[in-house]
Amino acid sequence: MARRPAGPSPRDGGRRSRVNAAIGAIALDAATSPKAPAPKPAAPPDDSNLVLLGEFGRAHGLTGEVRLKSYTAEPRAIASYGALLTADGRSLTLAEVRIAPGTSPDMLIARVTGVSGRTAAEALNRVALFIPRDRLSAPEDEDEVYAADLIGATALDEAGTVIGTIVAVPNYGGGDLLELRPPNGGATALLPFTKAFVPVLDVAQRRVTVVAPDDLFAPPGEKPTDDPG
């Protein structure tokens, strides 16, 4: 579930760097991030009643553990939902999860009931996990929204012109972001998910109003010659 608190002014300028479908709370006071985007999760089944909770990555070690990208507000809470569904109709239960080493707060190491050995864990790579929507509680206030409801929503400017489509709601530790793809395709760009940058949410109509810098989708400029990076 995403939450939209107040944030910094959208007039603070500057390009937004390129850039979880989450059910966790999305903080709209997110900062931009220079990190590259994470791989996109698998497309959900053709069932609007299912909400994406996470996606498996590569195997971890030799005993059946596997990396898991969690899209819940508290990453380890994904293990508290019981049996989770896959796009091909399987039901999987997370027996144990722990935070993975590294700097990504939503990356876990998971053990799945009935999965043992590296080969079985490798077979889970890129498998997405879903839950029926009726197992989730309703948002508590108007500034909370399921990130799954944002994915695919249309972003418009204050004049009603389409800016792009929300393709992801990433979080790299500095807060939640909207990843927007321009109407004609091309490289995506990031916008902080704050009230200042996203003043209006219309979940029912699957659209949001955004205040974006004019150069949101502009390609990055050349690195200054004195840039030590």
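Me: Which residues of β8 are buried on one side, and which on the other?

Reply: Keep in mind that this model is predicted. Buried means under 20% relative accessible area. On one side of β8, Ala128, Phe130 and Pro132 are buried.

Me: Why is strand β8 called largely enclosed by the rest of the structure?

Reply: Five of the five residues of β8, residues 128-132, are buried, so the strand is largely enclosed.

Me: How many bridges join β2 to β8?

Reply: Start with the general idea. Strands of a sheet pair through backbone hydrogen bonds, either parallel or antiparallel. Here β2 (residues 50-60) and β8 run antiparallel, joined by five bridges. In one of them, Val51 has Ile131 of β8 as its partner.

Me: In what order do the six strands of the open sheet lie?

Reply: The order is β13-β12-β11-β10-β15-β14, with mixed pairing. The edge strands, β13 (189-192) and β14 (200-202), each pair on one side only. On average, neighbouring strands of this sheet are turned by 35° against each other, direction ignored.

Me: How do β10 and β11 pair?

Reply: Strands β10 (residues 154-156) and β11 (residues 162-168) pair in the antiparallel sense, over three bridges. Ala155 has Gly164 of β11 as its bridge partner.

Me: Now a loop. Where is Ala79 found?

Reply: Ala79 sits in the loop between β3 (65-70) and β4 (84-85). Its relative accessible area is 30%, so Ala79 is partly exposed. Look beyond its sequence neighbours, too. Not counting residues up to four places away in sequence, Ala79 touches Leu94 and Val97. The C-alpha atoms of Ala79 and Glu96 are separated by 7.0 Å, though these residues are 17 residues apart along the chain.

Notes: Residues numbered from 1 in each chain as written. Predicted model: local features only at pLDDT ≥ 70, side-chain atom pairs only at ≥ 80, totals over all residues. Heavy atoms only, no water. Buried < 20%, exposed > 50% of the residue type's maximum accessible area, 1.4 Å probe, protein only. Helix = DSSP H or I, 4+ residues; strand = E, 2+ residues; numbered from the N terminus. Pairing = 2+ DSSP bridges. Axes fitted to C-alpha atoms, helices over the stretch in contact; angles between N-to-C directions. Contact = heavy atoms within 4.5 Å.
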